[in-house]
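Please keep the sequence and the 3D view open as you read.

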Amino acid sequence: MRSLITQGVKLLATGSAVPDLCITNQIISNIVDTSDEWIFDRTGIRERRIVSKGQSIIDLAVKAANKALIKAHLEPLDLDLIILATSTPNDLFGSASQLQLRLGALQAAAFDITAACSGFIIASVTAAQFIQNGTYSNVLVVGADVLSQWTNWSDRRTCILFGDGAGAAIFQATSVVNNNFLAFQLNTDGKQYNQLNISYKNTQQKQKVDFSDIGSFDSISMNGREVYKFAVSKIPQSIQFCLDSVHISIEKVDWLLLHQANIRILNAVAKRLMIPYAKVISNLSKYGNTSAASIPLALDEAIEEAKVSCGDLIVMSGFGAGLTWGTLILKWQD
Ligand code: ACO
């Protein structure tokens, strides 16, 4: 697939936010039959952050976005577009408008993208299209999720995995020669949609009419083994495809930043690609799987810790419900 590029894209700044409430593996082992050892050995997770009652996804998204705006030296009114990647909006019609309002970014168009743990990658690629075709100059992408609100806290196979958080990235137009958004690939396998769901169910509530039902959403249901196998086989292929498309060898990759789902997935993908583990960015032990927030949250921390430096080549891949997966390759230039 080829598109006409009239402007380059630069990642200008990042920001992130997590709730204060910390739920350790020890606390979870008081709720379901599990242990810190089992969770850490099988997932690499030690603790996760959870929103408190009354705290919303928008609170986290606003905090992450404001941090990115400050670092980018931009005002909210400079934003042309806001894309909120989330599968846990506080309004089924979308939450991006609330983010736009709370930021005071009233010139910006705003919409949600629902793509679970691939959400940040898909939203970033979408942002890049709007910039590269010359439509917009400043686009804010926020990946935010509060899966704790959709977790069945009596299901030990899933409740150990997820945490809440938000990560923001501001992409800006630059000249074509300075384009830092080097390659991407997005994929979906709809045949496997039921491996990971939060599905709609009819609540059997009586309606005034009999031709329509009213429902609600279930809690997370996941076939962990299948999702695991899918990630470990598809992600290396996707990364290799992107690198080949721009003639970059594996050795030139400075950082591998995967969706933070399971440390064993991160290890297996790095091993298949022969990328040394020292190049793998991970904060999984502190936050668990924060879905659409996981990649920008880890990226922001790595930049803040000065791990990632100017000119570094970063390969990012997301994967999850859909099943969807996607990779993007960009150069960090602060
Ligand atoms: N504590 C103790 N034992 C447990 C727990 C637990 N929390 N959970 C499962 N077990 C038991 C099972 O009952 C099973 O016991 P059995 O053999 O007696 O039946 C045994 O441990 C092994 O279970 P598995 O499910 O095979 O464990 P596995 O090693 O596959 O680990 C896990 C499970 C961590 C979920 C793993 O499969 C995984 O990480 N999968 C990928 C998930 C993922 O990447 N999701 C990303 C997308 S998320 C999104 O899009 C929103």
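1. Start with the make-up of the shell around the ligand. Its residues divide into 14 nonpolar, 6 polar and 6 charged. Keep in mind that this is a predicted model.

2. Next, who comes nearest? The shell holds 26 residues around the ligand. Those that come nearest are T34, R42, C117, R225 and N262. Find these five in the view before going on.

3. The side chain of R225 places an N or O atom 2.6 Å from an oxygen atom of the ligand. N262 also uses its side chain: a polar atom there lies 2.7 Å from a ligand oxygen. A321 works through its backbone instead, with a polar atom 3.0 Å from an oxygen atom of the ligand.

4. How much of the ligand's accessible area does the protein cover? On its own, the ligand has 1000 Å² of accessible area, and the protein covers 77% of that. As for the site itself, the ligand takes the space of the largest pocket.

5. Which elements build the shell? Four of them give two or more residues each: α2 (36-43), α6 (224-245), α7 (263-273) and β14 (313-320). The largest share comes from α6, with 4 residues.

6. Domain 1 spans 2-177, and domain 2 is made of 181-192 + 220-331. Each of them supplies at least three residues to the shell around the ligand.

7. Two backbone details deserve a look. The peptide bond that runs from G322 to L323 is cis, and its omega is near -15°. L323 sits in the loop between β14 and β15 (324-331).

8. The other detail is at M274. Its phi is near 60°, a positive value in a residue other than glycine. Where is M274? M274 is found in the loop that lies between α7 and α8 (284-287).

Notes: Residues are numbered from 1 along each chain as its sequence is written. This is a predicted model: local features need pLDDT of at least 70, side-chain atom pairs count only at pLDDT 80 or more; totals for chains, interfaces and linings use all residues. Side-chain values use heavy atoms; hydrogens and water are left out. A residue is near a molecule or strand if one of its heavy atoms lies within 4 Å of it. A polar contact is a pair of N or O atoms within 3.5 Å; within protein, one must be able to donate a hydrogen and the other to accept it, and residues adjacent in sequence count only if both atoms are side-chain atoms. Accessible areas come from the Shrake-Rupley method with a 1.4 Å probe; for residues, only the protein chains shown count as cover. On a 1 Å grid over the protein atoms alone, a cavity is a set of points where a 1.4 Å probe fits but cannot get out, and a pocket is an open set with protein on both sides within 12 Å along at least five of seven lines; lining residues have an atom within 4 Å of a point. A molecule sits in a cavity or pocket if more than half of its atoms lie within 2 Å of its grid points. Ala, Val, Leu, Ile, Met, Phe, Trp, Tyr, Cys and Pro count as nonpolar, Asp, Glu, Lys and Arg as charged, and the others, Gly among them, as polar. Domain bounds come from an automatic or database domain assignment.
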